[in-house]
Amino acid sequence: MAGGNAIRGTRVGAGPMGEAERGEAAPRQRVPYWCAQGHETQVSFASDAEVPELWDCPRCGLPAGQDQDAPPPAPHTEPYKTHLAYVRERRSDADGDALLEEALAKLRARRGA
Ligand SMILES: [Zn+2]
């Protein structure tokens, strides 16, 4: 049964050291993290490991924190999105104005003729 244990240890991703101890003896702690988009990520650490305050959300890459009600803000991504949306809005506004003016011009031309 030693072979089975070795495979299991490898799959979990343990290093070459301490695989045998990890199996059943080493207790673990599961720490939930939430990102600004509400993704929950459960990360398991060894009980003696230092749990980081923040964890990158594997789904969207935003920083995730341990407080579900107050996830860390996304300082890099959010201004980008807002800016992009803003640009899109302005562009469609400008297009709308151009179309309107074109239509008015045609109307005037027709009336004039
Ligand atoms: Zn996320």
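1. In sequence, the donor residues of the zinc ion follow the pattern C-x3-H-x17-C-x2-C. His 39 sits in the loop between β1 (28–35) and β2 (40–46). Cys 60 sits in the loop between β3 (54–56) and β4 (63–65). The pair therefore ties together parts that are 21 residues apart in sequence. Keep in mind that this is a predicted model.

2. Now the site itself. The zinc ion has these protein donors: Cys 35 through SG, His 39 through ND1, Cys 57 through SG and Cys 60 through SG. They lie 2.1 to 2.3 Å from the ion. The arrangement is tetrahedral, because the four donor atoms subtend angles of 106 to 116 degrees around the zinc ion.

3. Cys 60, at 30%, counts as partly exposed.

4. Next, look at the core. The largest nonpolar core has nine residues. They are Val 31, Tyr 33, Cys 35, Val 43, Phe 45, Cys 57, Leu 62, Ala 64 and Ala 74. The largest share, three residues, comes from β1. Cys 35 and Cys 57 belong to this core, and both are also zinc donors.

5. Finally, Thr 41. This residue lies in strand β2. Its relative accessible area is 9%, so Thr 41 is buried. Leaving aside neighbours within four places in sequence, Thr 41 is in contact with Val 31, Pro 32, Tyr 33, Trp 55, Cys 57 and Pro 58.

Key. Residues numbered from 1 in each chain as written. Predicted model: local features only at pLDDT ≥ 70, side-chain atom pairs only at ≥ 80, totals over all residues. Heavy atoms only, no water. Donors = N, O, S within 2.8 Å, 3.2 Å for Na, K, Ca; no water. Tetrahedral: all angles 85-135°; square planar, octahedral: opposite > 155°, others 65-115°. Helix = DSSP H or I, 4+ residues; strand = E, 2+ residues; numbered from the N terminus. Buried < 20%, exposed > 50% of the residue type's maximum accessible area, 1.4 Å probe, protein only. Contact = heavy atoms within 4.5 Å. Core = buried A, V, L, I, M, F, W, Y, C linked by side-chain atoms within 4.5 Å.
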